[in-house]
Amino acid sequence: MLDSEPNWHLLPHNPSQFFELSNSSDVRDLKRAYNRLLRQYKPEKFPGEFQRIREAYETLSEWLRYGGTVSQSPSPSTFQPEGVHPDCGQTTSSDTAGLENKTPIVNSFRDRLHCEPIAMLYRELGDGPCHSAQDYIMLAFMADVTARDKSSKSARVGFADWILRGLQAFPRNSELIALLRELLLEYHDRPATRNLLLRLAELAKEDFFYITERVWGRLIDRLPFSEFQKLLGECEDRLGAHSDMSQLIFYVYLLRSSVWKADEDWWQGIWKHLDDNFFKLPHWEQGEVDFADNLRQYQKCRSEFASICPLAAEIDHVIEGYCLSPESEGDWQVLQCQSRISQRGFFLISDFPDQSADSGRQDLFLAVWDKILSEVHDRLGDNSELSGSTGELQHKMEHTLIRANIRWAKTSTSRQGNFIVLVGIIQAILIMTATVSYLVRSVRSFMDIGMLQGFWDICLAIVSVVLGLPLAMIVAYYGVRKSRMHYGHVRHDLILLLRAAPLNEPALIEFIQAAEGKKVGDDTVSDTSSVVKGLQTDYAVRLFCRAMMTLARY
Amino acid sequence: MSNSGTARDYILRMMELCDNRQHEEAVKLRKAFFAADDKARTLTDESLHLAVSRPELLSELAEICENFWQLPKNKLSTQLARLASSKYPEVAIKAARLLKVAENHTEFSRLAADSAIHPAFRNAIKQIVVLPASQANAIKELQFSHLRPLNNDAYVSANHAIKSAVDRLRKSYPAIFSLEPEWFNELFYYQPNWDLDLQEGNMALGCAVLALVVFALGAFSAIISAISDGPL
């Protein structure tokens, strides 16, 4: 269905119908529909369409994440005639307080705005009964520009007050909620933020955490933790036992920032609470808890990673910054860092010289880094296409490996290895020859009735085989190992290859493995297993590979 | 307070933004509105352009990249400075990079007339500094391939030309050098013998090992012969 042209006219007002979601759809269904559309509208080819799809997806996914349903999802246009959707002619259902079917006064005000004084309109609208959420929003806009008239009862009522009053009358109105969410983020005055949060905790119990989520994310970074904890506690007291599930989802959201800021007791308390309720959480939230767990483990051993080189310290700093900053700022830091990694090029090899780093720690770090990158890539648009045809990439990989093989074959280590293999083989041949000779002689001795000599020769044959042959095999095996190409020899070439043809790590491994045994001219690609093994513990190439994939997206 | 025309513009624009579900932009416009001078509160061009979308900015940026070296310097700097303050990180990063290049326009003009650097290399540098990373990397790799004995038979002269060009860039054009220091260093420090035969000194070792093997075999044969004469 979605492979055909989507109903663009449903955006931005009706994202749920645009994604063709049913009332029972959840975040997973939304994600599937989103991914299907993205395959059709790739950001590099359709930037405008991608942006519209992305915005609709974000609006809806945040709503669904907090347990909202598709039927309640943000839909109507504020300043379109109420009750009837501008495009599809369906009755909207966003307002739930029973007043939504009345015609908003604001519609008639729109025309009057051009010819009548705003102060008068403001008094008239503010003094009369408001019929819809739109009326409150219009009052908020007018409050910004109108001189305060002390004779009007609407005097001293500001933007936020009108929005809050609107929310009191229309508790789940999506427009009021959206404005309030953004307004909170623009508040930099601590007492004002505190005041607004406390009022919201009284007014919007059901949607409190959905509305305020992002502002808490910023407060945890800006306020001393004790002050943050106190304010959150006060709001929770006002909320009472309300919204158990949305509180859990909110705590999950807070996890990634509290890893860096919270004191141990608070963290343990929240962690225990989430752990006890883990299976009540939707599975996408469980994934977020797992990420926080990885983050926590990484945070404990971060100094080890950060001490590898200045670039590692920079990446560590970006991880912390990403978890604590607003989305766009975090993305900015990650993109800058990826650009830095890609610029380092060959120098990454000297930045991360130790290829035998603890692979467990490395995997932990990369699990954290990959999750961050996947979120950033998601926002930039998924561009998972390979840069070039598979055949072309395979050809490049074979050439790279052959070049490394040839170079390796000329090294002293490789030559020594080959010599040792040769020695082992000659030793084995000699031993086998000696053994056969002893056996022949023993047969002849038995025939000449020289029993003792015959037994002695058999003993010698057995000793030669039992002792000499394993020894020869050990020597040959040691030679084979020594002559196998060292991974360090190919790192440089892999970086060159990735720069010309960005590949993700699984694809890179796949191409390396597929090159085994392939002939290029007179040479054959070999030792790919040692390349794959080395790659799996190589920070330099693994980071470079990720950086190139990010840069290929923009 | 504000004049009525501006006030009306503000309200109408806020309504329009809310209508398009651009609440973030609406709140930003409000902030810009309050930030304006109290005596003459006006909606500046800046505040009215807050809602320019990401694709529009990206296409503007792509157009700049394409015509970067033809655009007038002043216009270019103004346009890029505005884009560099975009809320979209990928736009801001690219624009900031291009702005840095634009600031060194004079140095690039000087470089264009410098006959001590090979024209193809000069051209490659001009492309690399303005192109998106993915495309710039392909050009970097092409330049690098000139240095490699396996790719270029005339690698010795290419090495000499590129290394002396990098050295000149470092000394005479530090601002250009600082745009791509790692890549220039890669070129400068590359040693062709990384790709060449490394057998010097290996022959002696090989002969020593071979002599040892022959000696071991001789000894082994002697022992076998001694034993094979038997205990009897």
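Figure 1. B:Leu142 belongs to helix α9 of chain B, which spans residues 133-145. The view is taken from a predicted model. Because 13 other C-beta atoms lie within 10 Å, B:Leu142 is classed as partly exposed; a buried residue would require 20 or more such atoms, and an exposed one 12 or fewer. B:Ala124 is 18 residues away from B:Leu142 along the chain, and the C-alpha atoms of the two are separated by 9.5 Å.

**Figure 2. Secondary structure and burial in chain B.** Chain B contains 13 helices and zero strands. Read from the N terminus, the elements of chain B therefore form the series α-α-α-α-α-α-α-α-α-α-α-α-α. Buried residues account for 26% of the 232 residues of chain B. Among contacts in chain B with a separation of 6 or more, 50% involve residues 24 or more positions apart.

**Figure 3. Secondary structure and burial in chain A.** Chain A comprises 25 helices and two strands. Of its 554 residues, 41% are buried. When contacts in chain A between residues at least 6 apart in sequence are considered, 73% link residues at least 24 apart.

**Figure 4. Packing of helices α18 and α25 of chain A.** Helix α18 (residues 359-380) and helix α25 (residues 539-551) of chain A have axes that come within 11 Å and cross at roughly 5°. The two helices, α18(A) and α25(A), are therefore roughly parallel, since angles under 35 degrees are assigned to that class. On the α18(A) side, the contact is formed by A:Gln362, A:Leu366, A:Leu373 and A:His377. The α25(A) side contributes A:Tyr539, A:Arg542, A:Arg546 and A:Thr550. Sorted by class, the residues in the contact of α18(A) with α25(A) are three nonpolar, three polar and two charged.

Figure 5. A:Asp370 is located in helix α18 of chain A. This residue, A:Asp370, counts as partly exposed because it has 17 C-beta neighbours inside 10 Å. A:Leu37 is 333 residues from A:Asp370 along the chain, and a distance of 23 Å separates their C-alpha atoms.

**Figure 6. Packing of helices α12 and α13 of chain A.** The axes of helix α12 (residues 244-261) and helix α13 (residues 264-276) of chain A come within 11 Å, with a crossing angle of roughly 140°. The arrangement of α12(A) relative to α13(A) is therefore oblique. The crossing of α12(A) and α13(A) is left-handed. From α12(A), residues A:Leu248, A:Tyr251, A:Val252 and A:Ser258 meet A:Trp267, A:Ile270, A:His273 and A:Leu274 of α13(A).

Figure 7. A:Asp276 is part of helix α13 of chain A. Because A:Asp276 has 10 C-beta neighbours inside 10 Å, it counts as exposed.

**Figure 8. The nonpolar cores and the surroundings of A:Ile163.** The largest nonpolar core contains 152 residues, and those with the most contacts inside it are A:Met142, A:Ile163, A:Leu176 and A:Phe544. Neighbours within four places in sequence aside, A:Ile163 is in contact with A:Tyr136, A:Ala140, A:Leu176, A:Leu179, A:Leu180 and A:Leu183. Another core, of 16 residues, lies apart from the largest one; among its members are A:Phe19, A:Ala33, A:Tyr57 and A:Trp63.

**Figure 9. Two loop residues of chain A with positive phi.** A:Glu20, which is not a glycine, has a positive phi of about 60°. A:Glu20 sits in the loop between α1 (15-18) and α2 (27-40) of chain A. With 16 other C-beta atoms within 10 Å, A:Glu20 is partly exposed. A:Asp527, also a residue other than glycine, has a positive phi near 60°. The loop that holds A:Asp527 runs between β2 (523-524) and α24 (528-535) of chain A. A:Asp527 counts as partly exposed because it has 19 C-beta neighbours inside 10 Å.

Methods. Residues are numbered from 1 along each chain as its sequence is written. Chains are lettered from A and ligands numbered from 1 in the order in which they are written. This is a predicted model: local features need pLDDT of at least 70, side-chain atom pairs count only at pLDDT 80 or more; totals for chains, interfaces and linings use all residues. Axes are lines fitted to C-alpha atoms, for helices over the stretch in contact, and angles run from 0 to 180 degrees between N-to-C directions. Helices (H or I, at least four residues) and strands (E, at least two) are DSSP runs, numbered from the N terminus. Angles under 35 degrees count as roughly parallel, over 145 as roughly antiparallel, 65 to 115 as roughly perpendicular and the rest as oblique. Two residues are in contact if their C-beta atoms, placed from the backbone, lie within 7 Å. Ala, Val, Leu, Ile, Met, Phe, Trp, Tyr, Cys and Pro count as nonpolar, Asp, Glu, Lys and Arg as charged, and the others, Gly among them, as polar. A nonpolar core is a set of buried Ala, Val, Leu, Ile, Met, Phe, Trp, Tyr and Cys residues joined through C-beta atoms within 7 Å. A crossing is left-handed if the near helix is turned anticlockwise from the far one by less than a right angle, and right-handed if clockwise.
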